[in-house]
Amino acid sequence: MTGQSLALYVHWPFCVSKCPYCDFNSHVRATIDQDAWRDALLADLAHEAALLPGRRLTSIFFGGGTPSLMNPGTVDAVIEAACTHWAAAESIEITLEANPNSVEAARFADLAIAGVNRLSLGLQSFDDTALAFLGRAHSGREGFAALEIAQKRFRRVSFDLIYALPGDSEASWSATLGQALSLGTRHLSLYQLTIEPGTRFAALHAAGKFEPLDSDASAALYELTDAMTAQAGLPSYEISNHARCGQESRHNLTYWRYGDYAGVGPGAHGRRLGMRTARHKKPENFLSGLRRNGHGIAEEEKLSPIEAADEALVMGLRLREGIDADAIAARFERPALVDWRRVDRLVLSGHLQRNGGCIALTPSGRLVLDHILGEIAVRDPKASAVARPLPVAPPVPAPKPALAAASSSSP
Ligand code: SF4
């Protein structure tokens, strides 16, 4: 494992308020002891580092929560510690998620000095009415101002928008997206609003207070998004992420290509040497776990080869480049990763592309990813070791975008 690449995810669990669509691990607290949290993150990081010696660190991602609320000194200390535990790759990518209000934008210079070289800005919308609906704590004007500051301070700046809000139309979304594409960004994360269980939106929806956009209208907006971003030179490289060539998030590519990543901080997930790790979600539980055990791990589970291969399939098919199914099967010593007869049917129906043992979604396949995964995943590895062609196209369900409104980078 020495010299093998590794990504590091650091979760900051605090926000100034809770957005009504958000199901991330975010908490609102009246006061935050920044020094105690710096020490806790450093201790949790040291625990992971001891279990993963000799790795080459290719990326660090500060996600949340709202990590732009961290003291820049804490960000600096975590980066320095990480680059001491592991050898940092020359081109290490260090991303921090930020909210665009003026207090946080004022910290951008210090965050850049601390070593952050890529900012991911949660703009979500340019429109004040939409921002109010989404419960965001910033205005459209603050968003533009923060983007301008970020683009001066950081070499790479991405921003997020949420679309398919109630009332969105092709005309309104195409105007918003056109504006976004004119702002000089080289990476965009574009998420459809989804109603997640346990959120305030879920309760409002259950009470009949609003109706989300229907699936046909959402699918039309997704197709419009794909076409406009491709034409502007930022095609999708993942279901919800778009970039100019070479500007993709290297950190997130590690998740989707099924590489190892250490996850530290409350609620962070990690993938380490065939183990799935999860930290305590509630900040107070995380701290007491850390005091007790020297780390914040709540669960650690050894994945079976079948589980790991299935995860690699689910993650990898999100990417435009798709997966080398034969290579994944060989990596996890399985006779086959997918049911090739079903794959070939989906090729005939225009939902998958296949080149030997490599498969990828087509644009229409991207609209029904969950359905495709259910179709092609191998249930009985012995029975499906057989391969190859079959003629009949299967019935395909009406498009229902398999997209998420999430912006968190800890999968
Ligand atoms: S959406 Fe982002 S800013 Fe809003 S509560 Fe969730 S983590 Fe915090």
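Predicted model: local features only at pLDDT ≥ 70, side-chain atom pairs only at ≥ 80, totals over all residues.
Figure 1. Strands β14 and β15 run antiparallel and are joined by four bridges. β15 covers residues 358-361.

Figure 2. Strands of a sheet are paired by hydrogen bonds of the backbone, in a parallel or an antiparallel way.

**Figure 3. The largest cavity and its lining.** The structure holds two cavities of 30 Å³ or more, and the largest cavity has a volume of about 370 Å³. It is lined by 31 residues, of which C15, G65, T66, N99 and R136 are the closest to its centre. By class, 12 residues of this lining are nonpolar, 14 are polar and five are charged. Strands β3 (87-98), β4 (118-124) and β5 (156-163) each contribute at least two residues to the lining. β4 gives the most, with three residues.

**Figure 4. The ligand in the largest cavity.** The ligand sits in the largest cavity. Around the ligand are C15, S17, K18, C19, Y21, C22, F24, S26, G65, T66, N99 and R136. This shell is made up of five nonpolar, five polar and two charged residues. Among the residues surrounding the ligand are C15, G65, T66, N99 and R136, which are also the residues closest to the centre of the largest cavity.

**Figure 5. The second largest pocket.** The volume of the second largest pocket is about 320 Å³. Its lining consists of 15 residues, and those nearest the centre of the pocket are L273, G274, A308, R331 and F332. Seven residues of this lining are nonpolar, four are polar and four are charged. Empty space of this kind is found by rolling a probe the size of a water molecule over the atoms.

Notes:
Residues numbered from 1 in each chain as written. Heavy atoms only, no water. 1 Å grid on protein atoms, 1.4 Å probe; cavity = no way out; pocket = protein on both sides within 12 Å on 5 of 7 lines; lining within 4 Å. Points joined across faces, edges and corners; volume = space filled by probe spheres on them. Nonpolar A, V, L, I, M, F, W, Y, C, P; charged D, E, K, R; others polar. Pairing = 2+ DSSP bridges. Near = heavy atom within 4 Å. Sits in = over half its atoms within 2 Å of the grid points.
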